[in-house]
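Student: Could we go through how the helices and domains pack in this one? Please show me the model first.

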Amino acid sequence: MTELPDGRLYLAGDWVAGQGDEITSYFPHDGSVNRVLCGASAAQVDQAIARAKAAQADPAWRGMKPHERARILYRIADGIEGNIARISEIQSRDTGKTLRETAALAASAAGTFRYMGAALETLDDTMTVPRADTLTLSVHEPLGVIGAITPWNSPIASDAQKLAPALAAGNAVILKPASWSPLTALELARIVDQAGLPKGLLSVLPGSGREVGNRLVEHPDIAKISFTGGTETGRRIARQAADKLMPVSLELGGKSPTIVFEDSDIALAVAGVLFGIFSSSGQSCIAGSRLFVQRSIYDAFVARLVAATKALVVGHPFDAATQVAPLIHPDHRDAVAGHVAQALADGAALLCGGAAPEGEGFAQGNYYLPTILAGLPNTATLCREEVFGPVLAVLPFDDEADVIAQGNDNAYGLACGIWTRDFPRAYRVARAITTGTVWINTYKQFSISTPFGGEKDAGVGREKGREGIRQYMAQKSLYVDLTGRPHPWARL
Ligand code: NDP
C-alpha cells in the first residue's frame with residue numbers, strides 16, 4: 001500500500017506541524033482512519049501569506065521569463081505523471097473515488113500544468129492603436145498572493161486548475177483543500193516542491209473553512225480568491241470580498257438538466273445519462289441531475305434507464321469493475337438520504353435505489369444505491385436543490401419551448417446535456433439554455449483548453465483556456481512618448 005502523506009503542512013516550502021483544529025481523513029469504504037492531522041492556525045496562515053508576499057515580489061520570480069517559468073510547470077506536470085499510481089491511491093483513500101477515476105484526474109492535472117506552461121509561453125501582450133505620438137501597450141502583471149479554496153470531490157483536478165494558471169501568471173498561492181480530503185493536496189505539494197518551485201511561492205494549508213478559509217478571504221495581502229465549492233459558501237466569500245474590493249472567481253453548485261428528445265439515439269442517450277449522473281457517485285458539480293424526456297418516449301426510455309441503473313456495479317473503490325463507489329463521508333450519505341426522504345414525502349415515485357446497498361462489504365462504508373425518482377414537478381425541492389449524490393429526478397416534456405422553459409427555471413446554470421439527431425434543434429436549444437457549458441450527444445467531456453464556469457447561482461468567472469491565466473493577472477496600460485517634446489500645455 002502506498003504510504004500516505006505524514007500529515008505535516010506545507011508552509012512556504014517547509015513541512016511543519018499544524019497548530020489549528022484536528023482533521024481526520026477517513027477511507028469512505030470502511031470508515032478506517034487514513035490520517036489524523038492538525039490543520040493550520042490563523043497565525044500560520046498569516047505567516048504563509050507574509051512569506052508568499054516576499055517570494056512573489058522577488059525579482060527572481062516576478063522577472064522570470066515566461067519560458068523559464070513554464071519549465072517549472074512542465075516539471076510539475078512530469079512529477080504528477082510519474083506518480084499517477086501513488087496520487088491515485090492517496091486520492092481514492094481520501095475520497096472513496098474509484099482508482100480508475102482518480103488516475104484520470106491525476107493525468108488531467110498533469111495536462112493542466114503542461115497546458116498552462118505552453119499557454120504562458122505563447123501568450124502575447126498587445127500593442128494598441130495610438131491616438132497621439134505615443135507607443136501604447138496593454139501588458140499584464142501578476143496580482144500578488146492568491147488564495148485558492150477547493151472542495152473535496154475532485155481534489156487534484158480542482159487544485160491544479162487553480163495552481164497552474166496562478167503560478168504561470170507569476171503569483172504566489174496559498175491552497176486550502178477541503179477538510180474531508182486534505183491528503184491529496186499535500187501530495188501535490190510534495191511534487192511541486194520537488195519540481196523546484198522557488199520556496200515561499202506555494203503553501204498548502206488544510207484547516208477548517210471557518211479558520212483557514214476565512215482568514216485567507218479576509219487577509220489584506222490576499223489579492224484574489226479563487227473558490228470552488230458550494231453556492232452558500234461562495235456567496236459568503238463574495239460578500240467579504242466586496243468589503244475589500246477584491247476580485248473573486250467562484251465555481252459553485254449545479255442542478256443541470258439533461259434533455260432527451262424523441263429522435264435521439266437511445267443507446268447513446270441511456271449511456272450518457274447514466275454517466276452524467278451516476279459516475280463519481282453523483283458527487284459532481286456538473287452532474288446531470290434533472291432528466292427531461294420527451295413525452296412520446298418517456299415510458300420506454302425510463303424503463304430502459306432504470307434497468308441499466310440497476311445493473312450498475314456498486315463496489316469497492318479499488319475494484320476495477322466498480323462503477324459506483326461510496327460517498328465521501330457518512331454525514332454526506334445521510335444528507336443524500338435526507339433529500340430522497342424529502343422527495344418521497346413530496347410524493348415522488350421511487351423507481352430504483354433509495355437505500356444503502358445490502359451486504360457485508362457495504363456495512364461500514366458510505367454506500368448509497370443509484371436512485372431514480374419520478375412524478376415530481378420541476379418546482380419540487382428535489383428539482384431545485386443540489387443533492388450532490390447518485391440521485392436523478394426524471395420529468396416528461398412536450399416540446400422544445402417547454403423543455404427550454406423548464407430547463408432554465410432553476411437557480412443554477414452550470415451545465416446541460418442534449419440528446420437528439422437533429423443538429424439545428426440541438427443548436428437552438430443549446431443557445432437558449434442559460435448554462436456555462438452545453439454538451440450535445442455527450443456529457444461530462446472536459447478539455448483544459450475550453451473555458452469552464454457557471455451562470456446564475458453556479459458561479460462567477462471562467463477557468464481554463466488560454467484566457468484562464470489572465471484571471472490571475474492585472475491589465476496595465478503603457479504610454480511611451482515618441483516626440484521628445486515638452487507638453488504644449490506647459491508653454492516651455
Ligand atoms: P463547501 O462550500 O462546503 O466547501 C468548499 C471549500 O470551502 C472547502 O475547502 C471548505 O472548507 C471551504 N469553506 C467552508 N466555509 C468557508 C468559509 N466560511 N470561508 C472560506 N472557505 C470556506 O463545498 P463542499 O466542499 O461541500 O463541495 C461541494 C460543493 O462544491 C458542491 O456544491 C459542488 O457543486 C461544488 N463544486 C463546484 C464545482 C464547479 O466547478 N462549479 C466543482 C466541484 C464542486 P472545509 O472543508 O473545511 O469546510
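Tutor: Let us begin with a helix pair: H3 passes H7 in a right-handed crossing (right-handed means that the near helix is turned clockwise from the far one by less than a right angle, left-handed that it is turned anticlockwise). Please note that this is a predicted model, in which local features need pLDDT of at least 70 and side-chain atom pairs count only at pLDDT 80 or more, while totals for chains, interfaces and linings use all residues. Residues are numbered from 1 along each chain as its sequence is written, and side-chain values use heavy atoms, with hydrogens and water left out.

Student: At what angle do the axes of H3 and H7 cross?

Tutor: Helix H3 (residues 66-81) and helix H7 (residues 183-194) cross at roughly 130°, and their axes come within 8 Å. Axes are lines fitted to C-alpha atoms, for helices over the stretch in contact, and angles run from 0 to 180 degrees between N-to-C directions. Helices are DSSP runs (H or I, at least four residues), numbered from the N terminus. The angle makes H3 oblique to H7; under 35 degrees counts as roughly parallel, over 145 as roughly antiparallel, 65 to 115 as roughly perpendicular and the rest as oblique.

Student: Which residues make the contact of H3 with H7?

Tutor: H3 contributes Ile-76, Gly-79 and Ile-80, and H7 contributes Leu-188, Ile-191 and Val-192, where contact means heavy atoms within 4.5 Å. By class, 5 are nonpolar, 1 is polar and none is charged. Gly counts as polar in this scheme.

Student: Now H14 and H15, please. How are they arranged?

Tutor: Helix H14 (residues 400-408) packs on helix H15 (residues 423-432) at an angle of about 30°, with the axes 10 Å apart. That makes H14 roughly parallel to H15. Glu-400, Ile-404 and Asn-408 of H14 meet Arg-425, Arg-428, Val-429 and Ala-432 of H15. This contact divides into 3 nonpolar, 1 polar and 3 charged residues.

Student: Changing topic: what are the domains?

Tutor: The domain assignment gives domain 1 (9-252 + 458-477) and domain 2 (257-440). Their centres, taken over C-alpha atoms, are separated by 31 Å. Domain 1 supplies 24 residues to the contact and domain 2 supplies 26.

Student: How much area is buried between domain 1 and domain 2?

Tutor: About 2100 Å² is buried, and carbon and sulfur atoms give 62% of that. Buried area is the accessible area (1.4 Å probe) that two parts lose on being put together, summed over both.

Student: And which residues in domain 1 lose the most area to domain 2?

Tutor: They are His-29, Trp-152 and Trp-180, together 28% of what the domain 1 side buries.

Technical notes
Helices (H or I, at least four residues) and strands (E, at least two) are DSSP runs, numbered from the N terminus. Domain bounds come from an automatic or database domain assignment.
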